[in-house]
Each structure stands twice: as C-alpha cells, then as structure tokens.
Amino acid sequence: MKLIFSLTCLLLSCSALAMELKYEGHSLFVEIPQKWQMGKDLFGIPYTFFSPQENGQRSNISFAPTGAELELDVAVLKKNQKDYQENKKKWSETHSATLLGFIPYQSYLNKNDHRVHTIGFSYSHREKKYIENSFYLECKGKIIFSKSLRLDVNQSHQKFFAEMINSLDCGVI
Amino acid sequence: MNIISLLLTFILLTNSLPLWADNSKKTDDLIIKLDLLSKNFQKNCLPANTKNIELHLKQYGLTEVCWQMITEINHLESQLSQLHPELQDKVNCSSGNCANYSAPLVNLPNLPLTTGPACSSATIKQNLADCPGDLACSLLSTTTTIPYTDIQLIKPADVFPKGLNPDRCTSNDSCTTQIATAFVSSITKFFTGTWDLLVSAGGYAKEKVGDFWKWVSSAEDTSSAAQLALAQASEDEGLFQMLRKDFTGTLFKIWQGLIGGIKTWLKEDIFCQRWEGTAHRSKCLQPTDAFECVSCKAMVNGVCAIGGVFVSEILPSFITGGLTTAAKHGANAAAHFLKNTFKISDKAIATIKTSKALKSSLGIAAKIDQAAKVGTILAKINQYFISPARKVAKVSFMLLSGMIRNSKAYMAQTSSGKYIVFAQDGLKMAGKVALYPIENNMTILSFKLGQRTFDKAFKLAAPSLANKTSVALAVTSHTPALDGVLTRIEIGHLRKTNTLELEREQIRIIQGKRPALAARAFDTKNPSFPEIIRTVYPELNYSDLARSLKPEQILAQEKDLYLQITKIKSTELQKSMMHKYQKLIVESKQRKALLKDQPNYKEVIDNTHLSPITRGARGIQITGKLITNAQHRKKLEEGIRNAMNFSWGKKESVLVGAGFTVPEAQKLMRYGIVGMPP
C-alpha cells in the first residue's frame, strides 16, 4: 500500500487548513483545525487526527473511504438503529466498558451538499467517560467513513468535529 | 490444473466417511482435506500478486475446478460444523452471518496439571535469556507469510529488534507463524478489510439496505477499539508520538508484552490453583508454578493451541486493555497489566482451562495419554481457521456471494475450459468465449453432492458469444437467424464436438443471401477474412462440411467469393482481400487434398488472360507432360494456341490432335488455358 499524503493549504485562516487526504487512489478534502496532529495508517486506519491534549487526553477523529458503492435510506437507517445499539452493547462487554447511553441516528446535508448519516454512543472505560460519533457520508455514490472520539469533559472539541464533517468533500472516489 | 482436478476427485471420492469412524477421525480427515483444498485454491486459483481479489474475479472469473474447490471447502466446513456445533456461526458466511474471519472455539477434554516447577533454576534462567530471541524469531516468521489479502507487507527490519541476529532463527512450525501473523495483522491491519460486507452489498436498492448497521459492525468494532487505544496512548506524550511516528517499529515491544502478559494471566488467572473468593473474579492465592519452566517459544506454541480464543477474544480485548501498556513497557508489561487486560468470556475461559493441546504444548500436563491425540487433532481446527489460505478462500467465497447477488452470472465456455464469470463489462478473456446466462443464481452457492459440475448445477439460458467481431455483428444483424447457429457452432468448436449438422443449417440459412452478407462483411472496418469464411462461406474451410459436398458446389462458392472481392470499391482493401484469398484458398493444403486437379476461380481467370507464348508454356506445365525435344514442345504449344480459336465443343479434339491425351486436354480446358470455361 502506498500512502501518499499531500497538503494543500487552500484556505489559510486562523482556525483551519484545507487538506487533501490521498489513500489508495481515493482522495478526500477536509479542513483540519490548526495544531491538530495527523497519524497515518494507525491500526490500518488511513488517517487519524488528534486534538491538542486537554484534560489529560487527545480527542481523535478518523477518516476512511470504504470502497462501498451504496445509496442509503434515511428512514431505513433510522428504523434499524437498534442493530447499531445491540452491537455497541456487545463491544462494551468485550472491552470492559460500561455503556452509558446512545446518541440517536440523524441525517443532514453538509456544506458541500453531501448527505451525512450520524449515530453514536457514550461509555465509560477505566473510570473515564467517552463520547463516540460515527459518520457515514455519501459522496459521488460511495460511502466515506469517519469516527470521532473524545472524553466527555472535552465538550469543546465537539465543534471541531462538526466543522470537519461539515467541510468534508470528495475528490477521486 | 490436472493435478488439482485429481486432488479434487480424490477428495470427493473419499468424502463419505464410514459410519464406524469416530468424530476425531472424521475431524482429522476433514481438516486434512480443507487444508489441502484451501492451499491449492490459494496457489492455483488466484495469481500470487493479486491485491484486489474482487477485481480479479470480475475480470477473469473463476475456473470450474476452482469453483468446485471453493464450494467443496464450504461443503466440508459445513460437515465440520456438524461435528462441532460451536463452529456453525463461523462457517456460514454466505448469508453474511460472520462479520469477520475470526477463529472458532473448540472444546477439549481436561487434563491435570503438573504441580510445582519441574525444571532446574538454570533452565528457568536460560528460558528468560532466550525469550527475546524466541519471540523475535516468531515475529520475523510472519513477515514473509502475511497473506496477500493484506495490502501492505511488513519488512523484517521493521519488527526485528536491534541487537538480535535474525540468522539465528530456525524455521518455525506453521502454527507459530500463524499466531504471530494473526498478531501482526490484528495490530497493523486491525481496521483494514472490515468493509467487506458493506462492499459486497454494493448496488443494493436504496430501500434494501436494512442490514446496514450489521454490515458495518466489524468496522465499528475495530475503529472503536483502535481509537480508544489511541486516546489512551495520548495520555503519555512520549508513547503517543512513538506510536504515531513509528507504529510498526513498536510491534516487537507489544508482542513481548502480549506473550509475557498471557503467560502471567494463564499462571495467575486461568490456571490459578486456589482463589480467595469467586474464581477469576477474586485474588489468586496459588498460581500454577509449572509456568516457571515454560520457555517463550513453548508459550507461543501454547497460544497456538488456543488460536481460536486468541484471535476472537484475547487480541480484541488486548487492543483496548493492554496494548499501550505493552508498547510502553515491553517485556516488563505483565506487571503493569490490569486484572481485566485479558477479559474474555466464561466460555473462552472454560475452553482454555480444558485445552489439552495447550497444556501439552506448554509441557505442563501431568500425563499425556491417548486422549492427548484428540486434543492435537482439535487444535488443528484452530490452525486451519486462522490460516492465510483459508482466509483467501473465504474472502473469495464472500466476494463471490456478493457478486452473484448483485450482478448477472454466466458460465463462460472457452477453449481452455469453463469459467463462472460476472457482468460482461470488464471481462478480460481472450479468444472465443460463449456466455451462458445462469438463471438459477440463488442456488449457485448451494452445490449438492453429485452436482458439482457447472452443467449439472446451473440452469443455463441460451448462450451468446462474447468478443464478437465486426464481421459477425454485420452478418447477424442482416440475418438474425444466423446468430444462434453461429454461436452453437463456436461452442461446438470450444467443446471439440462435431458441428457438421450445424454448418449445414448455417448453409440453409444463408442460401441466396451470400452476396448481400459478403457485401456487408466487406463493408465493416478492417474486416477479418477468416471471419468472412466462417460466417458466409463455411465450405471454404475445407473441413467436414466441404468433404460432404460435391466438388462443383465448393468451386461455386470459391467463384462467388472471388466475384464478391472484385466488387470491393476500395482498391487497397480489394488487393488485401485478394491476397488473403490467394493465401488461404489457393495455397490451402486441405483444399489440395480435397480438390485434386480442380483449379480455383482465380486461377482460371488468370490463365485466360495469359499472353499466347506464356499460355503455351503454362499449359504444358499444368499437364506435366514429358517433352521429348524442342519440336515436340513447339507442336504442343501451337496446339494450345490453336485451340483458342475453336468453339468449346471442338477444343478437346484440337488438343488431342496436337499430341495431348484426352485427360490432359480436359485439364487444360478446366484451367482456362484455352479460354474461359462456360
């Protein structure tokens, strides 16, 4: 696997850098907040971005093209979100986590007019509370995956996650 | 491929085991067959450098033999799951039931442990000294064996710690390699490949994506675990930057920590001799001393014996429970692990505790009796289920399932055999290919015994030809009835069966239409001369069809073709076609054998245009007459020139009068030497 990264500063404001993320022939465009650090291919995830450390931990958000060509139906995903919840219950048991609650399924268009499907859950692990959100974005008929994770106390990072998902656009997909 | 066919035949013939055979024997036989089949599938059915199996299958399909292998693997795994019901969820992937390829749990009978260390303190010391080398070697063995379904290979230099010499490593047994491979793959490719189910659902109608959250469950699980591990690592800036900048470089430390941790965990938890309170939930008061004598190499082998639990439960819980600690502390990580670092299910605990193979691998069993052999056989199940070859076969099977569900499948007949192929776009098959649409798609994956060939298993619709030439398209668009018979003739050729009756049918269809068909064919871009012969003048192949006809019928078609060529407007194309006519028809050995002494139309035309002097010389050459002297030659040549001036009915007597025999005179007339035959 040849991982190529190119950085294009299209918009240099005080808050974010527009970056092109290239991975196995796919490319995505995301505006990354300044001072966030990038990790490549960690655990096989193409791109992960880390916030500055706050309350002892860095929040992170991953991006990955899935390669799946699929059109998603809002009503169907909403109706079947219990499948997601069942899976998270199992995951929590396997990983010694305590499930605290679910963030219901939602769907919206981001600023590039791509449909975003998002869902999430909260859990505690080793006495720390976490908020995890999954994002499935429809772009040119293909699905792009993203997931954010932060400590419950790092509420301030949520707006960065939202801005990144809002800025997400696809290049070569 | 013949060897594979023999192997497959052997396996199919020996598939029905005698009733008296016990489960162990049946299991052993099944695993041997599965191992052989999956390795052969990996070796012979996909090129070694295939990175995208799905793309390969779309472009080249799968041969009948490979199809038989992959369905036989599925069939044998079903049989195995009947012997071991705990495997059922892991085996049936075609319906999407198994979200990942983790290994099964196999329960083994209990075996008592040796109490107290059974080795000297020197041995214990030596084990500790050898440990880094043993673990590094086991890890090194994976670097060349990670299956090609993984996109990126790890280089030995990336994982082998400095100061240890890789040349000291001896070849590891396959199980050790596979366990270490599972580790490397789980860590570096934890997330990769988790989209298989979602990708295979590609093309589903929007309202039919009801299982979406199930399809993404594997990716959800791995990304949640990986991102939690990364968040934990970020608490220690040094560790975080080490993982971020040199992820694969930390593998050895993680591996050391993992194996050391498992050893402590087995000693103080799984095999604890006495608990303060509830077993596995309270403090261990009496760890098993026997573990002091276990070398790191034996430890890796021991983990192999519980490969199913290792892959399906230990590794995932370790990612979030101990990976960052292992990356930080390496060999000393065990002391820093928490109670729930290796949190596994009660079922898995029971499996490990009763694992005879684990205890015998570790050398901590009090006695190895006949039952130990049973344990060894069952441990092979785990080895098989985590083997790279099985993974390749299963990934291929899963992809095929998705492709069958989402696109039209065909049985392709080619000169090199039969294939199952998918949507015609992108198919890269050279030469003639007949495509039979498969009508019973939904039953494709459920082969039954005795129905393992395509012809028996599939309900095939009327075939069509792939890679049709421009000539074939032109003539069949003019005469659609020709399409079916031409296809059947080609299939007959591909199957090497007799096509005489079909060719007769072809002649009946093109009767009276040949000039129009030939004109259309010559009007196409770069018309192929052999294709024109095949589609419009099949007699001129001089094969069985020509042998069944009278010579004058063949000659008439040669004449017709010649005349059609002379009507081609493009001078360049006409010249080229005439050259090919000359090459294929005039110089054909088959024709010479079939039509002795029969000139073709072009020869006749050419001869009628000869000059008087050349005509005489050519006539003598054609008859092969023996010339006695110059005067004899002169007389014969004058006879030929003289015959030109007489009517067709009198030419023969003129030639005979000049000295030719009657057969020689008739031959000269047939060849146009004395004028155009009527």
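Student: Which residue in S9(A) is the bridge partner of Val116(A)?

Tutor: The partner is Leu137(A). Keep in mind that this is a predicted model.

Strand S7 of chain A covers residues 98-109, and strand S8 of chain A covers residues 115-125. They run antiparallel and are joined by nine bridges. As a general point, strands of a sheet pair through backbone hydrogen bonds, either parallel or antiparallel. In a regular strand the side chains alternate between the two faces of the sheet.

Now step back to chain A as a whole. It has three helices and eleven strands. Along the sequence, the pattern reads β-β-β-β-β-β-α-α-β-β-β-β-α-β. Of its 173 residues, 40% count as buried. Take the contacts in chain A between residues at least 6 apart in sequence: 46% of them join residues at least 24 apart.

For contacts in chain B with a separation of 6 or more, residues 24 or more positions apart account for 71%.

The five strands of chain B form an open sheet, with antiparallel pairing. Their order is S1-S3-S2-S4-S5. The edges are strand S1 (62-63) and strand S5 (464-466) of chain B, each of which pairs on one side only. Within the sheet, S2(B) runs over residues 410-414 and S4(B) over residues 433-437. Five bridges join these two antiparallel strands. Met411(B) stands opposite Tyr436(B) in S4(B).

Next, a pair of helices. Two packed helices are described by the angle between their axes and the distance between the axes. Helix H22 (residues 470-478) and helix H23 (residues 481-495) of chain B have axes that come within 6 Å and cross at roughly 135 degrees. That angle makes H22(B) oblique to H23(B). H22(B) brings Ala472(B), Val475(B) and Thr476(B) to the contact, while H23(B) brings Leu482(B), Asp483(B) and Leu486(B). Four residues of this contact are nonpolar, one is polar and one is charged.

Then a charged residue inside chain B. Lys328(B) lies in helix H16, residues 323-329. It has 20 other C-beta atoms within 10 Å, so Lys328(B) is buried; the cut-off is 20 or more. Beyond its neighbours within four places in sequence, Lys328(B) is in contact with Asp236(B) and Leu239(B). The C-alpha atom of Lys328(B) is 9.8 Å from that of Leu243(B), a residue 85 positions away along the chain.

How do the chains meet? The contact takes 45 residues from chain B and 43 residues from chain A. Six helices of chain B each supply at least two residues to its side: H8 (174-188), H9 (196-200), H10 (212-215), H11 (217-233), H12 (237-245) and H15 (307-321). H11(B) gives the largest share of that side, twelve residues. On the chain B side, 21 residues are nonpolar, 15 polar and nine charged.

Last, confidence. The model scores ipTM 0.93 and pTM 0.51. Chain B has a mean pLDDT of 76, with 74% of its residues at 70 or more. Over residues 15-21 of chain B the pLDDT is below 50, and the stretch has three contacts beyond near neighbours in sequence. Residues 366-372 of chain B also stay under 50; the model gives them eight contacts beyond four places in sequence. Where pLDDT is low, the predicted coordinates should not be read in detail.

Conventions. Residues numbered from 1 in each chain as written. Chains lettered and ligands numbered in written order. Predicted model: local features only at pLDDT ≥ 70, side-chain atom pairs only at ≥ 80, totals over all residues. Contact = placed C-beta atoms within 7 Å. Helix = DSSP H or I, 4+ residues; strand = E, 2+ residues; numbered from the N terminus. Nonpolar A, V, L, I, M, F, W, Y, C, P; charged D, E, K, R; others polar. Buried ≥ 20, exposed ≤ 12 C-beta atoms within 10 Å, placed from the backbone. pLDDT = per-residue confidence, 0-100. Pairing = 2+ DSSP bridges. Axes fitted to C-alpha atoms, helices over the stretch in contact; angles between N-to-C directions. Parallel < 35°, antiparallel > 145°, perpendicular 65-115°, else oblique.
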